[in-house]
Every structure is written in C-alpha cells, then in structure tokens.
Amino acid sequence: MTAARWIATAGAPLRGELDVPGDKSVSHRAIMLASLADGISRITGFLEGEDARATEAIFRRLGVSIETPAVGARVVHGVGIDGLRAADGPLDCGNAGTGMRLLAGLLAGQAFDSELVGDASLSKRPMRRVTEPLARMGARIDTGEGGVPPLRVHGKQRLTGVEYENALASAQVKSALLLAGLYAEGQTVVHEPRPTRDYTERMLAAFGWPIEFSPGLARLSGGHRLRATDVHVPADFSSAAFFLVAASIVPGSDLLLRRVGMNPRRTGLLHVLRLMGADIEASNAGEQGGEPVADLRVRHAPLHGIDVPEVHVPDMIDEFPALFVAAACADGPTRVTGAAELRVKESDRIAVMATGLRTLGIAIDEAPDGATIPGNAGAGAVFGRGEVESHGDHRIAMAFAVAAQRAVGEVAICDTANVATSFPGFVSLARGAGFGLLGD
C-alpha cells in the first residue's frame, strides 16, 4: 500500500443523513463463525474495508467458499467446526490486529500449522497478551523477537479449558480465548477487570453455541456445533464517531447518522460527549445482527472540558483520537487517565495525537496513560495550519480531518492510505456532508 496525503480545510456546517460503513468488529466475527458453521450463512452490511477483507481472504485460503453477490454482501458456505484445511503459505492479516489476535485463538485448535503475518504497522504490535494466555490452554504459538508478529501457530495441540483472570480489559484477548475454547476439553471462563465489548459472545450465541456471559464474565464449553445464520452488520460506531465530533464542534451543523451500532461496550464516546454538553439524540432503536442499533442526530453545541470517567475508557479506546479533537474545542481542560492501551494501538495514539495537536497550536500535556488537553472554546478557528503525520493510523488521519474543520488554514495529513482498512469512501462521504477535504 502506498502512502497518501490529504489536504483539509474548514468547510461548511455539516448537514444531511449519512450511512457509515458496517461495523469492522462484527464483520470479522461474522466471517469467522459463518466459516465454522454447518450450512450457508448470508451476511449483509459487511465492511468493504481492507481489514475485514483480509480476514475473508484468509478463510478462503483455509478452504471456505465465500460468494460476493453484491457490495457489502457475502454468502459463506460453512465447513463445520473441524472443516478448515491448511493454507499453502503464510496468512496475511494486513493491518488487522483484531483479525490476527482472534485467529491466533481459532487456529490454535486446528489439526494443522499456520503462520500469521501482517503489514509494517501490525508487525510492531504486541501479541504476547494473546499468546501467553493461550499457552495456558495448551496452545503452541511462536512470535517474532519481542513478542510481535509473525505468529507461528502449531496445530495438533490438545487444548484444555481454563479459568482466566485477564489483567487487561481487552476484548481481543477474551475473544481469542473463547475461540480457542471451542476446541478445548472442558470449560473456558474469562474474567475481566472491567467489562469489554461482547461482540464474540453475542455472535457465538447467534450461531447457536451455548455460552453464558455478563459484563466482565464469559463462559463456554467445547464440543458443540455452530449453526449457519444470517447476519446483518450494523453501521460502525467508531466510524460514526468522527461525524459525531465534527457536527458537535462545527457551528450550524445538524447531521443524522442512520442505524449505528449501539453495543453498550462500544459507546463510551457517546456518554463522554454528552457529559461535555454535546447535543446527540438517539431514535428508532432496534436490533440488527444481534446488536442494538439506533439513528443518531447530532447538532452543534458548546462543549466544556471534563475529567473523563475511567469507567468509560475501555468502551471508547478506538475513539480517543476523535475525543482529543473535541476536547481541544471545549471550554476548559479535559483530562484523560487510565488509557495506557492507546500506546499500543496501530500507533502510539497518545504520542502521535500530541505531536500533531502541538503542530496545530494545541499545548497538550502527555501522561503515560492519557493526557490533558486545554480547551479553546469559541465560534472561530481553534487549530492552526500545518502538516501532521498519521503514522499510517487510520483513526489519527480521520481525527485530524475533523480538526481541520475548525482550523485557520490548510492542514496537510500525511500517510492516510490505511484509512481504507476501516472506512473506505471516507473522503467522499465527508465532503458530501460539508467537510473541506481533498485527497486520495
């Protein structure tokens, strides 16, 4: 993938109705479980981003037939819980950390060896947080030096269920253990210090696997079967987040985002923005793909700085780049603590956001597990002009595109190609809503 560059400037008030792409987390899991199910599953709303497509391509190479009858649609011919077959070489996860970590658990129970590789960004991300607890179940997974990819997963291992106290509030670690637990003897139980996203639990239940779960706890046993089912993927809350923040900070904005996923373990940013004074109204609530959904109407409102409650941090870990931009536009400082996980995402999101915000004139104060962002309320420009680096992090790039809507001049955003991993079509959708934004 070649690097790309955006030029962003203050645009018009954001207006209209938007459909953001399907949820990436749900898309990953839908492909995985549909592949392991007995029968044919139909997926609609599938995210046509590079991360989800990487997972789809991996299962094709593992012997699963997957049809694409239309954009956002997949027909998956499941091979059954023991029906995967060895690939003829390394399995490329691209930039998908979720895909790699979940696959580590799923492939640990297979009768064949596998190798998981990724792009330059993913190849720097920590994997021992997954491989070490999986080893307690009997898995054998070798990592690169320092515990990073590639992952070499040894097959033909006897897995045994464990009761695991997860020191990290990580849905990826939990999910890897649960997927390994499908192949383990006995019961697999995961306890968490704080509740995390329950996409895997909900989808396992939708595919008919007996599972018990509640906030902070998940429990299942091996030896069952998955039944094919149809999955309707809701719009991705993390993608909607950039428009929630943009419409909140750009005067005159009034924007409707349709059928957004409202999983309670995903919507921490919504609660925090409301605490800051944002005007966001949910309506037309329902369920889609086993997940709660709603339409979100957001109108410009003056924001004020807050101390972000740590209880919301695990439920908004992907939305902090957007929050930092909102905080810079608020009246008074916003303090973030308990977010050390940001240091090991696609980039060190605290450091990269801090560097970019300083370039644009915001005197952010970094901490090991967060930051303090001084507010700069008012109707005029908040950010200066300049060139910022996203370091290949899709969420950093989109956050600075939002910041530019309150900038005094042009903001050049470098290394934006990876936005295609989670939000294909972001530039065109944003421009249609009123953003000043040019780029590939």
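Guide: Helix 2 is built from twelve residues, 50-61, and spans 16 Å from its first C-alpha to its last, close to the 16 Å expected at 1.5 Å a residue. That expected span is 1.5 Å times one less than the number of residues. Helices (H or I, at least four residues) and strands (E, at least two) are DSSP runs, numbered from the N terminus. Please keep in mind that this is a predicted model, where local features need pLDDT of at least 70, side-chain atom pairs count only at pLDDT 80 or more, and totals for chains, interfaces and linings use all residues. Residues are numbered from 1 along each chain as its sequence is written, and side-chain values use heavy atoms, with hydrogens and water left out.

Let's see which residues of helix 2 are hidden. Asp51, Ala52, Ala54, Thr55, Glu56, Ile58 and Phe59 are its buried residues; buried means under 20% relative accessible area, exposed over 50%, and partly exposed in between (1.4 Å probe, protein chains only). Their cover includes helix 1, strand 4 (65-67), strand 5 (73-79), strand 6 (91-92) and helix 3 (97-107). Just past the end of helix 2, Gly63 has a positive phi of about 100 degrees.

Now for the neighbour in that cover, helix 1. Two packed helices are described by the angle between their axes and by the distance between the axes. Helix 1 (residues 24-36) packs with helix 2 at an angle of about 10 degrees, and the axes are 9 Å apart. Axes here are lines fitted to C-alpha atoms, for helices over the stretch in contact, and angles run from 0 to 180 degrees between N-to-C directions. The two helices are therefore roughly parallel to each other; under 35 degrees counts as roughly parallel, over 145 as roughly antiparallel, 65 to 115 as roughly perpendicular and the rest as oblique.

On the helix 1 side, Lys24, Ser27, His28, Ile31, Met32 and Ser35 make the contact, and they meet Asp51, Ala52, Thr55, Glu56 and Phe59 of helix 2. Contact means heavy atoms within 4.5 Å. By class, four nonpolar, four polar and three charged residues take part. Ala, Val, Leu, Ile, Met, Phe, Trp, Tyr, Cys and Pro count as nonpolar, Asp, Glu, Lys and Arg as charged, and the others, Gly among them, as polar.

Thr98 is found in helix 3, and with a relative accessible area of 14% Thr98 is buried. Leaving aside residues up to four places away in sequence, Thr98 touches His28, Arg29 and Gln172.

Elsewhere, the structure holds seven aromatic pairs. Rings of Phe, Tyr and Trp (its six-membered ring) pair if their centres lie within 6.5 Å; planes under 30 degrees apart count as stacked, over 60 as edge-to-face and the rest as tilted. The ring centres of Trp6 and Phe426 are 5.5 Å apart with planes at 20 degrees, so the pair is stacked. This pair joins strand 1 (residues 5-9) to helix 12 (residues 426-433), 420 residues apart. Both Trp6 and Phe426 are buried.
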